[in-house]
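Here is a short report for a reader meeting this structure for the first time. Please look at the model before reading on.

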Amino acid sequence: MLGCEGGGVGLRYRLTLATGLVECLCFAGVVFGWASLVFVLKTDGYFTDLCVNLTTGPNSTVETDCSGQDEQFSLVFTVTSFMNNFLTLPNGFIFDRFVDIELGLCCLSLSLSLIALSMLLFPALSFIAVGGILFLITNIQVGNLFGSHRSTIITLYNGAFDSSSAVFLIIKVMHEGGVSLRSSFLILSVCSVIHLLRTFFLMPNTHIPYPLPEGFTYGVSPGKSNSYNVEESEKTPAETDDMPLQPDDGQQSEDSGKVASFRSCVQSGFFLWHLVWLSVMQLRHYLFIGTLNPMLNRLADNDSALVSQYTNAFAFTQLCGVLCAPWNGLIMDRHKGKPLAPGETDKEADLRSSSLSLFLTSLQCLLFSICASSPLLPLQYLTFILQVLNRSFLYGGNAAFVSIAFPGVHFGKLYGLVMSLSAVVSLLQYPCFALVKGALGGDPFYVNIALTLLTLLAFIHPINIFYHCRKLTNQREDMAGGAAITLAEAKM
């Protein structure tokens, strides 16, 4: 249960949970509030040199064409979103050896300072993305403190990561009220001292192990700190139940006292289909976020006030990510506390529950993509709702599945690898944008249809897990039936 530990230990657990939630909510995923930030950047004149005046019509009407500016902003977001995911791989390797929240703090502080000084927009936003994902990775392990609520906590943090994009909405509103972009980012940079205090007082020196040892404590305290090495603890025979289910044959490794190797995890069908599941949906989201501003301008006939209204609506819906994400965790944790079927392991039960979550996430993305393909402006309110719901399920489900299906000793590396490989796929958003602006004359309809069809690939992953779990169930029933027959024959 939440806070099941007594006294100061339970209080520290709850403080760690609460402060981690604030950290993710206010800093981790701010870069995905890009639609709000790009509105401010356009107002401040970024890349206006790429706008050209065109003379059109019989009356020689002069119109300003800013497609070059939009393309440059799209490139900025493409690079930033790529860095956000791709550098998760080296960060994952670092995480499996150290706790790298200090590195995240340095990246975030540097990036905020660069933007505050109006310098180097590309590297500044990239550092924001890298620092933010480091905060998320290091906070995911907090779920280990709460046992049966583990997946719920993981998805809650991922929801907070999504909702933090609303920080740029606050900056946009403040900018409209007269507060400069530089002042806003300087304030955020000064707030980084909060992360430093939390690192020393409310985070362990290494990792939070799972399952959690009795009386586990951490941080600066008069008593002795028990910061365990998760790699050593997971290699003990007592914890072999935390081994992955091998998707190829439904069996664990031959030596049940050893954790499956990193290589075998990467080569498994679970990992490969999970990569496809994440990549196609992430590409759909990134292209939507990166092209939202020009799309709204096109649908609103360049009405600046109307574009601002829809941009604010989109940013406000992002706040709901922290409310939507725990629903996914509850779906994945719904079997906790219930008796297992004869012969069923905790790992298999976790995996079986995850199949429904993965399927619902795929279905949400399909509906979101269909709505996003519509040229009706009022329908975009529904698109915003489906987008934040699906995004909160996507990343929370991604982290929870990796923690369920594979050994915790490889979590950082596997999480980093799947995010990095999906980042390579996400680079396709820029040629898609260039195609829309060029050959398609600004109409993204055909690209949206193609992406909608591509999202159908995401359904393969949950179906594969469902049939894998059914296969294991049939194997247990056959073994139980065979044992009963043998016993009956022995009695005759």
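**Annotated spans**

This is a predicted model. The unreviewed UniProt entry carries the annotation "transmembrane region" for residues 20-41, 270-289, 309-330, 356-381, 393-411, 418-439 and 445-467. Two of these spans are set out here.

**Cysteines**

How many disulfides does the model hold? The count is zero. A disulfide needs two cysteine sulfur atoms within 2.5 Å. For C324, the closest cysteine sulfur belongs to C320 and lies 5.8 Å away, so the gap is too far for a bond. C324 has a relative accessible area of 9%, so this residue is buried. C432 is also classed as buried, because its relative accessibility is 18% and the cut-off for buried is under 20%.

**R284**

R284 sits in helix α13, which runs over residues 269-290. Is R284 buried or exposed? R284 is buried, yet no salt bridge is found for this arginine. D443 is the nearest side chain of opposite charge, and it is 11 Å away. A salt bridge would call for a side-chain nitrogen within 4 Å of a carboxyl oxygen.

Which residues does R284 contact, leaving aside neighbours within four places in sequence? The contacts are C365, F368, S369, A372, S373, N448 and L451.

Technical notes: Residues numbered from 1 in each chain as written. Predicted model: local features only at pLDDT ≥ 70, side-chain atom pairs only at ≥ 80, totals over all residues. Heavy atoms only, no water. UniProt positions renumbered as here; feature names shortened; annotations may be inferred. Buried < 20%, exposed > 50% of the residue type's maximum accessible area, 1.4 Å probe, protein only. Helix = DSSP H or I, 4+ residues; strand = E, 2+ residues; numbered from the N terminus. Lys, Arg positive; Asp, Glu negative; His and termini not counted. Contact = heavy atoms within 4.5 Å.
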